[in-house]
Amino acid sequence: MTEQQQITTPQNESALPLPPIQYISLYSDENIRRGRSLPPPAIPRDGYQMFGFPMNMDDAVIRPLESQKIRRLHPCNYDHRRELKKLNHSILASFLDLLDILIKCPESPRRQEKLEDITLLFIHMHHLVNEFRPHQARETLRVMLEMQKRQRIETAERFQRHLDQALDVLQQAAQTLPDESQLELMNHLLIPQQDTLRGEEIPKDTDISGCSIKDKLMCDIIDAM
């Protein structure tokens with residue numbers, strides 16, 4: 001393969017690294033069927049570590065800043081939208097100040113102070129965004145339930161339409177059937193009282209061929225449909 005072909009040939013690359021083969025091979029279908037795969041880790045009862053930080057089972061989902069030993073920049077009662085805008089403006093202003101410090105005096109101690117200020121601002125912004133997680137979870141659940149409700153309503157409506165069509169077909173079939181008076185009249189006109197060939201009496205609800213008159217009428221109706 002020439003160098004030009006190597007450049008033009010597209011390569012399948014993944015944005016994420018490949019999973020460790022020595023780990024995923026333990027959970028093959030054969031190993032799972034024979035019980036060779038490793039059991040899942042035990043559920044923590046007291047505490048655990050997340051990203052190197054100790055966590056307790058009784059901790060809130062979103063811990064307050066004071067419990068993380070972080071200085072609070074906004075009041076306890078606040079508007080999330082307003083505070084996020086203020087933090088965004090503060091981050092932009094601090095970044096411009098940092099650029100000014102790097103241009104004029106890169107070795108100044110104010111550079112490290114400005115970096116710490118920007119880090120604190122980002123921590124607060126991340127904390128305010130995380131406070132929307134319960135609301136996001138409720139909205140996701142609400143949308144999911146609405147989709148399930150809509151699907152069930154559509155299924156019920158389709159079932160009702162099929163039921164109405166079946167009832168219409170049955171009603172039309174019932175209207176084409178003759179009533180009792182017409183059956184008696186046809187029996188009286190078509191069925192002889194004695195069998196002329198054998199001299200034996202035959203039932204009143206059968207014709208000369210021995211077929212029931214009702215069955216014959218039903219066959220004629222079905223053939224005409």
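Is Y27 buried, partly exposed or exposed? With a relative accessible area of 30%, Y27 is partly exposed; the limits are under 20% for buried and over 50% for exposed, with partly exposed in between (1.4 Å probe, protein chains only). The legends below describe a predicted model, in which local features need pLDDT of at least 70, side-chain atom pairs count only at pLDDT 80 or more, and totals for chains, interfaces and linings use all residues. Residues are numbered from 1 along each chain as its sequence is written, and side-chain values use heavy atoms, with hydrogens and water left out.

**Figure 1. Overall arrangement of the elements.**
Read from the N terminus, the order of the elements is α-α-α-β-β-α-α-α-α-α. Of the 225 residues in the protein, 15% are buried.

A pair of aromatic rings is described by the distance of the centres and the angle of the planes. Rings of Phe, Tyr and Trp (its six-membered ring) are paired here if their centres lie within 6.5 Å, with planes under 30 degrees apart counted as stacked, over 60 as edge-to-face and the rest as tilted. Under this rule there is 1 aromatic pair. The ring centres of Y23 and Y27 are 5.4 Å apart and the planes meet at 55°, so the pair is tilted. Y23 is partly exposed, at a relative accessible area of 45%.

**Figure 2. The loop residue L26.**
L26 lies in the loop between α2 (21-24) and α3. Its relative accessibility of 32% makes L26 partly exposed. L26 and L38 are 12 residues apart in sequence, and their C-alpha atoms are 7.4 Å apart in space.

Side chains of opposite charge can pair when their charged atoms come close. A salt bridge is taken as a side-chain nitrogen of Lys or Arg within 4 Å of a carboxyl oxygen of Asp or Glu, and the count by this rule is 7. R33 is exposed at 59% relative accessibility, whereas E30 is partly exposed at 29%. A network of salt bridges links E30, R33 and R34.

In helix α4 (residues 80-104), E83 and K86 are 3 residues apart, about one turn of the helix. Their salt bridge has its closest N and O atoms 3.7 Å apart. E83 is buried at 9% relative accessibility, while K86 is partly exposed at 43%. A salt bridge also joins K104 and D100, with 3.5 Å between the closest N and O atoms. K104 and D100 are 4 residues apart in helix α4, again about one helical turn. K104 is exposed, at 65% relative accessibility, and D100 is partly exposed, at 35%.

Strand β1 (residues 47-50) and strand β2 (residues 53-56) run antiparallel and are joined by 4 bridges; two strands pair if DSSP finds at least two bridges between them. M50 has F53 in β2 as its bridge partner. The strands form a hairpin with 2 residues between them, and F51 in the turn has a positive phi of about 55°.

**Figure 3. The largest pocket and its lining.**
A pocket is an open set of points on a 1 Å grid over the protein atoms alone, where a 1.4 Å probe fits, with protein on both sides within 12 Å along at least five of seven lines. The largest pocket holds about 670 Å³ of space. It is lined by 22 residues, of which M50, M55, R63, Q68 and N130 are the closest to its centre; lining residues have an atom within 4 Å of a point. Points are joined across faces, edges and corners, and the volume is the space filled by probe spheres set on them. At least two lining residues come from each of β1, β2 and α5. The lining comprises 13 nonpolar, 6 polar and 3 charged residues; Ala, Val, Leu, Ile, Met, Phe, Trp, Tyr, Cys and Pro count as nonpolar, Asp, Glu, Lys and Arg as charged, and the others, Gly among them, as polar.

**Figure 4. Q112 in helix α5.**
Q112 belongs to helix α5 (residues 110-130) and is partly exposed at 42% relative accessibility. From C-alpha to C-alpha, Q112 and L98 are 9.2 Å apart in space, with a sequence separation of 14 residues.
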